[in-house]
Every structure is written in structure tokens, then in C-alpha cells.
Amino acid sequence: MMLAALDAFARERGLADDPLYETRPVDFRIRLGAKGEFLGLESTQDERGKGMPLLIPRIPQRRVNIASGFLVDNPKYVLSHDVDEPSAREGKAAKGPARFAAFLAMVQEALAACGAPELRAVEAFLLNEEARAKVVAARNPEDWNGSELLAFVVGDAAGPVHQHPAIREWWERRGKEQSAQGRVGLCLVTGTSGVLAETHFVLKNVPNAQPAGAALVSFNAPAFESHKLKQGGNAPVSQSAALGYVLALNDLLRKSEERRYRQGIQVGEDSVLVFWTNSTAQEESLLLSWMDPSEADLRRFLEAPFRGLEPSELDTRSFYSVTLAGNSGRVAVRDWFQTSVGEVKQNIRRYFADLRLGDGTTDKPTPIWRLLKAVEAPSGRGLTPDVATRMLGAALRGQPFPRQLLSAALDRLRLPPSDDKLEREQLRLRVALIKATLIRLPRSGTASLEVSVSLDKTNSSQPYVLGRLFAVLERLQGAALGDINATIRDRYFGAASRNPATVFPRLLQLSVHHASKAESGGWLEKVKAEVMALLPPERFPRILALEDQGLFAVGYYHQREAFFTKRAAPEPAAESPASSV
Amino acid sequence: MKTATSKRFRVRAQGPVACFTRPEMKAERVSYEVMTPSAARGVLEAILWKPAIRWQVHEIAVLAPVRWMSFRRNEVNSRATVGKFDYAADEDRAQRNTVALREVDYVITASFALVPGKAGAEDNVRKFEEMFERRLEKGQFFHAPYLGCREFAARVEVASGELSPSDAAVERRPLGLMFYDFEFGDSGRATRPLFFDAYLDHGVLQVPPWEQVLERNGGRP
């Protein structure tokens, strides 16, 4: 279904219109005289070193094999000039001559078939080693990097040789003949009969994959093949469908002006989520700006939050998403699903509603990578990629978040903050993630957890109240002692949230001393009494479960933020019970 | 032999993990959403298979909602070779990703037919029917029944009467082209995979008969 949807997408957006040609930036034109003499090397690169996009005969798939393009290729093929060749390992046959021979053979084959004078000129040039050396010498030796694309122009013609009508005709005839030689069979993507692909094109720009690209459909070891079937025989896909899905994915994965992936979101270290719809491109860019807002998007959202996620008539169209991860030469699918555009919009809305924490200031979306960054281990190794994938998948599907997120976020809270400046923002992100995870817990059997956006004075759930109490005690200590090295938060947060009974009695004892010392002690004592009144008279709980620890953290955060807002405005922040989400 | 086909059996197969691998994503496994007919045949053959019978799956009812999980494992690049024992898996490692199904629950409806030429004079349908029933009830099997991959064992039992599919309300849900089974190349011909248009009809996968699928796949190439 996935490949079929991608193939359809490529067809709809006109990406796979021409299997014989592709548009690539061509860096140089080699201008030849009518007899093949070298006239000049013309650069088409702009000031940023990018060649001019030109329609060229499609360059075949290359890994370690030798396969030449037709009339357009890199200097290794066109000039037999390889920058790296001298440093190649001893004993390994140099590929240079073979590459050049392949390129020349193609030109000669075309010449024999259609006899165009331009081809004769190109052949004459290629056979003349001196002329080729002149081309190499036309540029500074260090400037060649081996991947420039070179095309030919003969005489004072404006268009390159490969666009000459007679030559085009030959190329197209040859393409048809070649594909007719392939095995015909039922294609498992389209369900129609077609010429089957032996191997598939590669995807570029998938994280952790080989820089030259990696294939999604591949059978590169005997263990992946079955019943003596070879290569494409294991998964019969027609050549056109194989090209279609690759072009679609490559288009989505392409680098764009402001993004690493035109329509993809980096998930964790090694995966990328790409999505597409059979809706419009505008709708897609809108969804992207919500799922993974850029800085410009964030500025815009400040003015008009949630605009664009309103229902529209396109909501019934399909939405597809796939998470890809590179595995050296292959690409693995980590996650894949299909739903409607309207459903996704609703889930994105709910996702941001679930994450909302504190008053008013955060109606703009937080980029997912920033959220995940906040709960990463300080070692910098990140979350396991799987957690990130599942969290994003759950957000888009409207399902519960993975439980590992909760423990990761709580682990981070237990450690003393490393950087004071980021501390408040990091705390907010972590607690927001905890809150969203708690709200989404599957509500079977156990009492549902109600978590509000900001301080809820009526919430008498024990972990929540304990969290609030902890914030008050911390505040009391701060008021009494000012800036100190290790606050009770640094020393006791983890213990207090896991085993309240072992920590709270001692902290309460301490707080009496703090209260007598602090200036605002009287008022804080009153708040403390108010919070304590919500606790049952019996002893503190011995152990809090993971979910309860989360609630503890939320209570702590709410109470702490309430202190901050109170300082700003004399009016208490949360007079009326905040609406629970 | 009067009747060459047996009555229809209903077998329930459940398991914590299952992977019915899509052929196009075989190296980095991704499962189909629903059990394939060939996987269902595999479950039945684990309980009873003789050269004289051939199983035909008719329906696969999906009782549990589709849920996914993914994990990576260290596997090897080579296939097992008979007689080669000095094999060092450490030197031939391939890390592969698997996107599998979790907590699956199916009811397979199937019957078998006697294979002409293979069934002897002493074979008859009733004999194998009773054999299968007995083995299923006792929990006997030739090898452990599994869900797509050998390592995902299945719990197999007789399906009780009243079981309803998880999305019985959805009239028709297309699943795309699905792998049906291999046409095992008899008499030296190459094996080839067959595909069919799969859809869930009130939560039940309707499996077409062999002849129809062969026709869909263009007979013999």
C-alpha cells in the first residue's frame, strides 16, 4: 500500500513523467568545433557554485558497477579524469579506462544508429587524448572534484548535443527496446502487468544511510532471497512503479532552502518522518509548519495561533506518513500509517493542547526536536530512536505516548539543573511532556488522571499535592537562605517524588527553621498550611508509582509557576479552578 | 473416494508478536496488516500435513485491532548450508529492523483437498479430518505453529462459536495487493510468488481460491 501510494503521488505531481530523462544541474558545457576540436569549457555555475538545471538523459544507477550516462556525465566518464584514482589501492584494477570506454561505446552506438554529425564530432573529441587533457587543464587541478556534470555543445549551437532531435529519437527508441527485453509480470504495487525491475533506484538524504544513497527495496545478501528467486524476482515491481516511488520519496527527502528535508521531520538521531497527502501542496506545507515549525513559522504563530488547522473541504483526503531510517546500504521502514487529513489536523491540535502548560504564553507549537532534546540524557547519546519515532507516531495518530518518555523526563528532573539560564524553559518542556503523557494514558480500570494546564487548587490527588508541597518547601528555603549551592530540590527532588515518606518529615522539620528566618515566612507558612490541608491525615506514602511521580512533577511545576506569576501580578494566577484538558 | 474436499475447520491462532513480511520489504521486514493466506496455511500444516492433502484457506477473521511494534535484531547474511558447521555468525552479521504486529488474534477457516496422484487407495477425507481434529484438540503438532516467522510462536486452538472481528462494522476496507502463496515450480519450473487483491469484509479477509489467483497472475509466464 505504501509503495502504491507513493507511486500515485509521483504520478499526480508529475514527478515520474519521463523515465528516460531527468533534470539535473549541469556544471559545464564542453564546446567543440565541427571536427571535434576543443573550443572551450563553459561554466554554467552561478555564484553559489550550482550548475544550471538541464534536462539530460537519465544517468543509470551506479554502486560499484560501471554504467555510463549518455552524452552527459562526470569527468571520470567523459574525460577519463579521476581525481582520486592515483591514490587507489595497489592491486585493484583502475576503473578509469573502463568508465571512459563505456561512455565512448554509448556514443559510438548512437553514431552507428543515427549518424548525426554532432555525434561524429563528439567521438572525434573523445578519441583525441590531447583534447581531453586540454579540458582538464582548462580548470585549476584542485577545482575538479569528480562529480561535476559535463555536457557537449558542437559549433555555435545553443542547445547541447543530447537535445538534438535525431539523437533524442535514438535514445528514446533504445529505451523502449531495452525495457522490452525485461521480464514481464504482475507488479505487486500497481496490480497491472508490466516490465519488472531487477534492481531499484536509491533514496538520497536518509540519515545514517550511505551518502551515495540506499535502496528501500533490496535483496543484497543471500539470506534476504527465497526460493532461488534472484533480486527483483523476490518482489516483482514494474520498472515504472519502482521509478515512481523512488522519485516521490526523493522529492520529499530533498533538501530545501530552510529545511533539511523538504517535507520531512528529523526524528531522533537516525530517522526521518516524511509525509504526503493526496490533497494540495499548500495543505501539506501548512501541516509541516505545524508539525515542525521553523523560526519564521513560530513568529507567525504568535499573531494567529491555530489558524490553518480549521476544518476544510480537503479534510477527507488521505494522509500518509512513513518513518525511514538508514541502515548503511539499505533503508528500513520504522513506522508507516495512513489516515485522513482532517484526522491528522485534529490530532495535531490535541497534541498541542495536551502539551499546554502554564498561562497563556505558550499557544505556539514547540518543535518536536526541542521537546525531545529536553529529555535527552546529558551524555548526548539521545533517546533511543525508537522512542522518538513512537512518540511522533502517537502524536499524529492520537494514541498514548510511550512510557519511556515519562521515565526519561523524570530522570532528567531528578538531576540538579546544569544550566541556570535554560533551566526554566527546560523544566517547562519536561513537565509539559510529562503532562501530555499522563493525559494520554489509556484509562482502563485505574482512576483517570486529571491534569490541568495551570495550578489547580482543588486537585486533592496525593502525588499532585505532594508536588505542590515540595515547591512551597523549596520556596521557603529560598526565602530564608537566599542563593545557596545545593537547594532541597537539587538534593531531594528524586527521593521526594519516589519515596515521600523517607524525605518529607525531615523537610517539614527543616522548613520550620526556614520559616522563622525568612522575611515572607508568615505568608509562605500560610500557603504551606493550605496545601497540607489537602493531604490525608495519615502518613506520607512510602512509594509513588511512575505515573504518580509524573503527577508529583506537574504539581511541583504548577505551584512553582504560581509563585512566579504572583510576583509579576498581585492578583493570584489561578483563582478559578483551571479547566482540565 | 466420493468427496475430495474436507469440511471447513475453524482454527484460532493467537500470539504476542507476528510478522507477515511484505516481499518488497523483506530485508528490513515490514509486516502486512493482516495474516497472509500462506501464513495461515503454515499454521495448519504445522498441525497436520501429509503429501496426500492440500490445504485451502477460505477466510481469516481478524479479532484484535491492528497494533504495531518495531525492533532491531542481529541476524546473518548467509543462508544455512547443509553440512557446513564451522560457521561464525559474528563475522557475517547484518542488523535488520522488523516492524511487526503485536497481540494478534485470528480465526482461520480452511478445508483441505486430497491431491490426485499422491493420495493412495487407503486414504480418504474422513480419515484426515479426524486426524486433524484429534491433533488440534490434543495440542499436537509436527513443528510449533508460528505467525509469519518461526520465532513468533502461535497459540492454536479450536475456534469457539461466538467470536466477532474487531472492526466488524467496517463494510469493506481495501488492503492493497497481498502475497497469496508461492506457486511451487513442479517439474523443474521456477517458483514464483502470487498476489491477490485483499480487502477486509466486515473484519474478515476473504481468500480467493487457487484458480482465481492463478488467473489474476496471468497463468504460467
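**Close-up views of a predicted two-chain model**

Phe493(A) is buried, as is Tyr556(A). Buried means under 20% relative accessible area, exposed means over 50%, and partly exposed lies in between (1.4 Å probe, protein chains only). This is a predicted model in which local features need pLDDT of at least 70, side-chain atom pairs count only at pLDDT 80 or more, and totals for chains, interfaces and linings use all residues. Residues are numbered from 1 along each chain as its sequence is written, chains are lettered from A and ligands numbered from 1 in the order in which they are written, and side-chain values use heavy atoms, with hydrogens and water left out.

**View 1. Chain A as a whole.** Chain A has 19 helices and 11 strands. Both are DSSP runs numbered from the N terminus: helices are H or I with at least four residues, strands are E with at least two. Of the 581 residues in chain A, 52% are buried. The accessible surface is about 27,000 Å², and carbon and sulfur atoms supply 51% of that area. Areas come from the Shrake-Rupley method with a 1.4 Å probe, and for residues only the protein chains shown count as cover. Among contacts in chain A with a separation of 6 or more, 71% join residues 24 or more positions apart. A contact means heavy atoms within 4.5 Å.

**View 2. Phe70(A) pairs with Trp170(A).** The whole structure holds 36 aromatic pairs over all chains. The ring centres of Phe70(A) and Trp170(A) are 5.1 Å apart and the planes stand at 55°, so this pair is tilted. Phe70(A) sits in the loop between strand 4 (52-57) and helix 2 (75-78) of chain A, while Trp170(A) sits in helix 6 (residues 165-180), so the pair ties together parts 100 residues apart in sequence. Phe70(A) is buried, with 1% relative accessible area. Trp170(A) is buried too, at 5%. Rings of Phe, Tyr and Trp (its six-membered ring) pair if their centres lie within 6.5 Å; planes under 30 degrees apart are stacked, over 60 edge-to-face, and the rest tilted.

**View 3. Phe493(A) meets Tyr556(A).** These two rings form an edge-to-face pair, 5.2 Å centre to centre with 70° between the planes. Phe493(A) belongs to helix 16 (residues 488-498) of chain A and Tyr556(A) to helix 19 (residues 546-568); the pair links distant parts of the chain, 63 residues apart. Both residues also belong to one aromatic cluster, along with Phe470(A), Phe504(A), Phe540(A) and Phe552(A).

**View 4. Glu474(A) and Leu481(A) share helix 15.** Glu474(A) is found in helix 15 (residues 462-481) of chain A, and Leu481(A) lies in helix 15 as well. A salt bridge is a side-chain nitrogen of Lys or Arg within 4 Å of a carboxyl oxygen of Asp or Glu. Leaving aside neighbours within four places in sequence, Glu474(A) contacts Thr487(A), Ile488(A), Arg489(A), Tyr556(A) and Arg560(A). Leu481(A) is partly exposed, at 33% relative accessibility. With neighbours within four places again set aside, Leu481(A) contacts His514(A) and Lys517(A). Tyr351(A) is 130 residues from Leu481(A) in sequence and 40 Å away in space, C-alpha to C-alpha.

**View 5. Asp270(A) bridges to Arg72(B).** There are 43 salt bridges over all chains. The side chains of Asp270(A) and Arg72(B) meet in one, at 4.0 Å from N to O. Asp270(A) lies in the loop between strand 8 (264-267) and strand 9 (271-277) of chain A and Arg72(B) in strand 4 (residues 68-76) of chain B, so the bridge joins two chains. Asp270(A) is buried at 7% relative accessible area. Arg72(B) is partly exposed at 29%.

**View 6. Salt bridges within each chain.** In chain A, Asp251(A) bridges to Arg254(A), with the closest N and O atoms 2.5 Å apart. Asp251(A) counts as buried, at 13% relative accessibility, whereas Arg254(A) is partly exposed, at 43%. In chain B, Asp167(B) and Arg173(B) form a salt bridge of 3.7 Å, N to O. Arg173(B) is partly exposed, at 25%. A salt-bridge network links Arg29(B), Arg73(B), Glu75(B), Arg96(B) and Glu151(B).
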